[in-house]
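Morning, everyone. Today I want to talk about aromatic rings. Let me put the structure up.

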Amino acid sequence: DYCQGVEANFEFHKKWLKECQRLLKPNGTIWVSGTYHSIHPCGFAMQQLNYHILNDIIWFKPNASPNLSCKYFTASHETLLWARKDKKAKHYFNYNAMKNGNFPKDILKKPEHQMRTVWSINATPPNEKKFGKHPTQKPLALLERIVLASTKEGDVVFDPFMGSGTTGVASLKLNRKFVGIDNTKEYCELAKKRLNDVLNNRPLL
């Protein structure tokens, strides 16, 4: 969140991406999200580390906050990079769910069409912040689509920047296992509350 200079920032991105690559299963995939402040050095670092980038997704936010300075275009999207460990890996893609799933907010996709790389999903709604707020909290609809697209039930999903725990909430709701870490105790406690809420409200089998 705090710029240490272009070179230092790049080395930080390369370092954590290398660790994620080490932990990634042979046929697993990684998703990286970011704005123009960080996504480009992340993409370059991934190329240097020989990740094989599968897609770049544009997450369009129809309800993005206005630009109060009136000096720039209103920022209304983030970029998501989806990649596998290397070019030889065989990744999983839930094509059927992405083509035939019920995504009512995706105005750029008709039911008979394949899922495209521009996703129209509103920014995080207030009801998803009932346990507390995180400055960059992602909407559950976004993470549910990511988890559903690239993992199977029972898979392990790891988030090295867990924040408010949205990745974990999506994973548990979709019957995946979840491991998350964060260096801020306040956000770990927030994530814990959200994850416990999912676990405590699961239907009995």
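**Aromatic pairs and charges over rings**

Start with F12. Its relative accessible area is 46%, so F12 is partly exposed. Keep in mind that this is a predicted model.

Now the wider count. Searching the whole structure gives seven aromatic pairs. One of them joins F12 and F161. The ring centres sit 6.5 Å apart, and the planes meet at 65°. Over 60 degrees counts as edge-to-face, so that is the label for this pair.

Where do F12 and F161 sit in the chain? F12 belongs to helix α1, residues 6–23. F161 is in the loop between β5 (156–159) and α5 (166–173).

F161 itself is partly exposed, at 44% relative accessible area.

F161 has another partner, W16. Centre to centre, this pair is at 5.0 Å, with 85° between the planes. It is edge-to-face too. Again helix α1 is linked to the loop between β5 and α5, with W16 and F161 145 residues apart.

Is W16 buried or exposed? Buried: its relative accessibility is 14%, and the cut-off is under 20%.

Next, a cluster. Ring pairs connect W31, W82, F93, Y95 and W119.

W119 also has a charge over its ring. R145 lies over the face of W119, 4.9 Å from the ring centre. K61 does likewise with W59, at 4.5 Å from the ring centre.

That's the tour. Questions, please.

Terms used:
Residues are numbered from 1 along each chain as its sequence is written. This is a predicted model: local features need pLDDT of at least 70, side-chain atom pairs count only at pLDDT 80 or more; totals for chains, interfaces and linings use all residues. Side-chain values use heavy atoms; hydrogens and water are left out. Rings of Phe, Tyr and Trp (its six-membered ring) pair if their centres lie within 6.5 Å; planes under 30 degrees apart count as stacked, over 60 as edge-to-face and the rest as tilted. Helices (H or I, at least four residues) and strands (E, at least two) are DSSP runs, numbered from the N terminus. Buried means under 20% relative accessible area, exposed over 50%, partly exposed in between (1.4 Å probe, protein chains only). A charge sits over a ring if NZ of Lys or CZ of Arg is within 6 Å of the ring centre and within 35 degrees of the ring normal.
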